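Please open the structure in a viewer and keep the selection tool at hand.

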Amino acid sequence: MDLTILYRGPLSSCDYDCPYCPFAKRRDSTEQLRADRAALARFTRWAGTATEHRLSILFTPWGEGLVRSWYRRAMVELSHHPHVERVAIQTNLSCRTEWLADADRDTVALWCTYHPGQTPYARFLDKTVRLANAGVRFSVGIVGLPEHSSHARRLRADLPDHVYLWVNAAEGHTYTDAEADDWTALDPLFPFSRHPHRSAGLPCRTGSSVISVDGEGTVRRCHFVPEPLGNLYDGSFSRAAAPRGCPLAVCDCHIGYVHLESLPLYDVFAGGVLERIPAAATGHGTVAPPLLG
């Protein structure tokens with residue numbers, strides 16, 4: 001059975017202070033960090049022995065995980081299990097990258113976000129070049145705020161040609177058609193991010209082949225639906241796993257709407273859904289935009 005897991009433990013601290021992020025420069029206490037480390041170790045042990053599944057795992061921490069050694073170790077360990085097809089993480093890429101030499105390059109992947117003003121541009125770009133030279137799968141993205149436009153254009157010009165640059169619509173920001181066209185010129189898939197997607201009652205893979213897991217092992221269909229389906233560690237979640245329509249009116253986050261069956265994104269990102277890498281790049285890291293449903 002193929003099973004995709006979005007894991008989000010107690011960690012909620014970050015080394016950046018982006019003004020659009022509620023977890024900017026937030027610090028976890030020593031006790032909170034110990035709890036997060038223990039929770040991740042428990043999840044890693046479970047995933048390593050869950051050979052009845054073919055697993056794809058995306059770590060989506062509130063904050064930055066890769067500055068913590070236990071996330072780096074977990075990714076390396078999980079990447080070497082034959083039943084783990086992909087292990088990826090959302091990251092600001094502030095961590096060192098040498099640890100990836102110990103990971104299976106066919107399994108590990110990074111979803112990287114560039115935050116202007118939080119790190120020197122040259123430092124971030126150098127890390128992407130190192131990743132590319134090492135054969136690590138990764139995408140790079142940026143939040144589509146007006147003040148980020150020049151940074152995004154510079155990134156697209158400087159990134160290795162095969163690297164996909166994605167643009168997330170800024171939360172609460174309304175785009176004129178001209179603004180949207182400018183962002184779409186950089187990321188042909190930006191129209192999927194521009195508006196929330198109507199999802200009420202529509203079929204979604206979450207709750208069936210895709211689940212969200214927290215540090216206690218509580219399973220939910222996704223990060224955005226609070227109703228528990230059971231627990232990962234006692235197996236109770238499997239009794240509730242079934243295809244079902246979305247209970248929310250709209251879905252406006254990529255890690256949610258990418259799983260909607262009403263959208264073509266599993267075909268667009270075939271083989272790279274978790275790390276947000278399109279299946280077919282066509283010159284300079286861009287992709288031919290599919291029709292919006």
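**Cysteines, then a strand and its partners**

Select Cys-251 to begin: its sulfur lies 6.2 Å from the closest cysteine sulfur, that of Cys-246, which is too far for a bond. A disulfide is defined here as a pair of cysteine sulfur atoms within 2.5 Å. Cys-251 is also buried, at 12% relative accessible area; buried means under 20% relative accessible area, exposed over 50%, and partly exposed in between, with a 1.4 Å probe and protein chains only.

The model is predicted: local features need pLDDT of at least 70 and side-chain atom pairs count only at pLDDT 80 or more, while totals for chains, interfaces and linings use all residues. Residues are numbered from 1 along each chain as its sequence is written, and side-chain values use heavy atoms, with hydrogens and water left out.

How many disulfides does a search of the whole structure find? The search finds zero. Select Cys-204 next: this residue is in no disulfide, and the nearest cysteine sulfur, that of Cys-246, is 6.2 Å away. Cys-204 counts as buried, at 6% relative accessibility.

Now select residues 2–8, which form strand S1; six of its seven residues are buried. Strands are DSSP runs (E, at least two residues), numbered from the N terminus.

Two strands pair if DSSP finds at least two bridges between them. Within this pair, Ile-5 stands opposite Ile-57 of S2.

Finally, select strand S9, residues 210–214, which pairs with S1 in the parallel sense over five bridges. There, Asp-214 of S9 is the bridge partner of Arg-8.

Key: Helix = DSSP H or I, 4+ residues; strand = E, 2+ residues; numbered from the N terminus.
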